[in-house]
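This report goes through a few local features, one after another. Please look at the sequence and the structure before reading on.

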Amino acid sequence: EVYGFQTRVEHWLHKNIRNILLIGHRQAFAWIDEWIGMSIDDVRGFEKRLMKETNLKIIAPEISEWLSAVQGSMVMASLFTALSLGIFLCQLFTLHRGSLFYLTSIFQIFA
C-alpha cells in the first residue's frame, strides 16, 4: 500500500460497482411490468428481440467509425508511452547530472 492509494482505489471501485449493480436492479424492477403474464418462452423471445436491438445500436456505422478512431488513438498513445519509457530509461543512464529530459517529454506530449 502506497500512501493509502490502494485503499482509495478499492473504495472507489467498490462504490462504482455497487452503483452499477443498483442501477441494473432498479431497471429490472422498473421493467417487471413488461414481464408480467409472460411464459418462459415469451421471456426468451423478449430477450432475443432486445439483444438484436442492442446489437443494431452498437454496430451502427457512425459508432463503429468513432470506435475505430478511438481504438487507433489508444494504440498510438500506448506506443508513444512505451517509447517514452524506453527513451527515459536510456536518458536516465546517459545524461549528465542536471540535464533535462527533453526527448522524453516530447514523446509524453504525443502520448
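## Ser-84 and its surroundings

A polar atom of the Ser-84 side chain lies 2.8 Å from the backbone oxygen of Thr-81. The model in which this distance was computed is a predicted one. Ser-84 is part of helix H4, and that helix covers residues 61–94.

Is Ser-84 buried or exposed? Its relative accessible area is 3%. The limit for a buried residue is under 20%, so Ser-84 is buried. Leaving aside residues up to four places away in sequence, Ser-84 touches Thr-104, Phe-107 and Gln-108.

Gln-91 also lies in helix H4. With a relative accessibility of 12%, Gln-91 counts as buried. Which residues does Gln-91 touch, not counting residues up to four places away in sequence? They are Phe-101, Leu-103 and Thr-104.

Leu-79 is another residue of helix H4. Leu-79 has a relative accessible area of 43% and is partly exposed. Between the C-alpha atoms of Leu-79 and Phe-107 the separation is 9.7 Å. Along the chain, these two residues are 28 residues apart.

Side chains of opposite charge can pair when their charged atoms come close. How many salt bridges does the structure hold? There are 2, and they are listed in the table.

| Pair | Closest N and O atoms | Relative accessibility of each residue |
| Glu-47 and Arg-44 | 3.7 Å | Glu-47 42%, Arg-44 46% |
| Arg-49 and Glu-53 | 3.0 Å | Arg-49 42%, Glu-53 36% |

Helix H3 runs over residues 40–58. Glu-47 and Arg-44 are 3 residues apart in this helix, so about one helical turn separates them. For Arg-49 and Glu-53, which both lie in helix H3, the spacing is 4 residues, again about one turn of the helix.

## The largest pocket

Rolling a probe the size of a water molecule over the atoms shows where empty space is left. The largest pocket has a volume of about 170 Å³. Which residues line the largest pocket? The lining is made of Trp-31, Glu-34, Trp-35, Val-43, Phe-46, Glu-47 and Leu-50.

Two helices, H2 (32–35) and H3, each supply at least two residues of this lining. H3 gives the most, with 4 residues.

Methods
Residues are numbered from 1 along each chain as its sequence is written. This is a predicted model: local features need pLDDT of at least 70, side-chain atom pairs count only at pLDDT 80 or more; totals for chains, interfaces and linings use all residues. Side-chain values use heavy atoms; hydrogens and water are left out. A salt bridge is a side-chain nitrogen of Lys or Arg within 4 Å of a carboxyl oxygen of Asp or Glu. Buried means under 20% relative accessible area, exposed over 50%, partly exposed in between (1.4 Å probe, protein chains only). On a 1 Å grid over the protein atoms alone, a cavity is a set of points where a 1.4 Å probe fits but cannot get out, and a pocket is an open set with protein on both sides within 12 Å along at least five of seven lines; lining residues have an atom within 4 Å of a point. Grid points are joined across faces, edges and corners, and a volume is the space filled by probe spheres set on the points. A polar contact is a pair of N or O atoms within 3.5 Å; within protein, one must be able to donate a hydrogen and the other to accept it, and residues adjacent in sequence count only if both atoms are side-chain atoms. Contact means heavy atoms within 4.5 Å.
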